[in-house]
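Q: I'm new to this one. Can you walk me through it in short answers?
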Amino acid sequence: MSQQLKAIQKILKEKASPEAKAAHKKFVPGNERIYGVRTPVLNDLAAQFKNGGFELVEALWKAGALEEKILAVKMLGKIAKKDPKRSIKLVKLFAKNIGNWAVCDAIGMQGLKPILKTYQQEIFALAKKYNQSTDFWQRRLSLVLVEWYTRMKDLHPEIKKMAKALENDEEYYVKKAVVWINKNLEKGK
């Protein structure tokens with residue numbers, strides 16, 4: 001285990017609180033290991049440790065706690081421009097083991113943010129693939145990955161097609177994503 005990962009885990013343990021842990025368990029249901037650390041701390045850690053690069057991002061993800069995964073995605077969002085293809089590859093890795101809406105939405109909203117404009121085709125291709133997945137978190141991710149593009153009118157037909165494909169999905173979190181995307185499309189936002 002790298003020194004940086006150990007340092008981050010030490011900080012996560014120190015900054016954890018029972019109140020934050022209870023809030024995470026309430027708003028992010030699931031069986032994931034949770035430290036109980038608030039988002040501002042994760043934001044600070046992402047900025048502080050972004051020089052750990054892709055290796056640290058992957059090590060954090062593999063460590064597996066909720067905050068470690070979210071931190072991995074936040075850090076990826078800070079370094080994605082350095083190697084866009086590797087960033088997309090990491091998102092594919094992360095998509096295999098999402099587990100909850102918070103991680104799903106972090107991946108879709110933050111992980112590839114710096115390359116959304118320059119790698120639009122690749123991101124849409126990934127979203128289309130996940131749109132057909134048997135894993136409902138990947139189906140949700142398919143819409144979250146294209147959420148930013150709802151502000152671009154010329155992409156609305158393509159996004160609407162993906163949302164329509166999931167409008168009768170049985171899964172609660174997929175249904176929520178469909179409503180979210182459709183509202184954004186209506187607002188043009």
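Q: Let's start with Glu-58. Is Glu-58 buried, exposed or partly exposed?
A: Glu-58 counts as partly exposed, at 24% relative accessibility. Keep in mind that this is a predicted model.

Q: Which side chain does Glu-58 meet in a salt bridge?
A: That of Lys-62, at 3.3 Å from N to O.

Q: Where do Lys-62 and Glu-58 sit in the chain?
A: They are in helix α4, residues 53-63.

Q: New topic. How many salt bridges are there?
A: The count comes to nine. One of them joins Lys-69 and Glu-32, at 3.2 Å from N to O.

Q: What does the Lys-69 and Glu-32 pair tie together?
A: Parts that are 37 residues apart in sequence, because Lys-69 lies in helix α5 (66-79) and Glu-32 in the loop between α2 (18-27) and α3 (39-49).

Q: Are Lys-69 and Glu-32 buried or exposed?
A: Both are buried. Each therefore has under 20% relative accessible area.

Q: What about Glu-158? Which side chain does it meet?
A: Glu-158 forms a salt bridge with Lys-128, at 2.6 Å from N to O. This pair links distant parts of the chain, 30 residues apart. Glu-158 is in helix α10 (residues 156-166), and Lys-128 is in helix α8 (residues 120-131).

Q: How exposed are those two?
A: Glu-158 is partly exposed at 27% relative accessibility. Lys-128 is partly exposed too, at 40%.

Technical notes: Residues numbered from 1 in each chain as written. Predicted model: local features only at pLDDT ≥ 70, side-chain atom pairs only at ≥ 80, totals over all residues. Heavy atoms only, no water. Salt bridge = Lys/Arg side-chain N within 4 Å of Asp/Glu carboxyl O. Helix = DSSP H or I, 4+ residues; strand = E, 2+ residues; numbered from the N terminus. Buried < 20%, exposed > 50% of the residue type's maximum accessible area, 1.4 Å probe, protein only.
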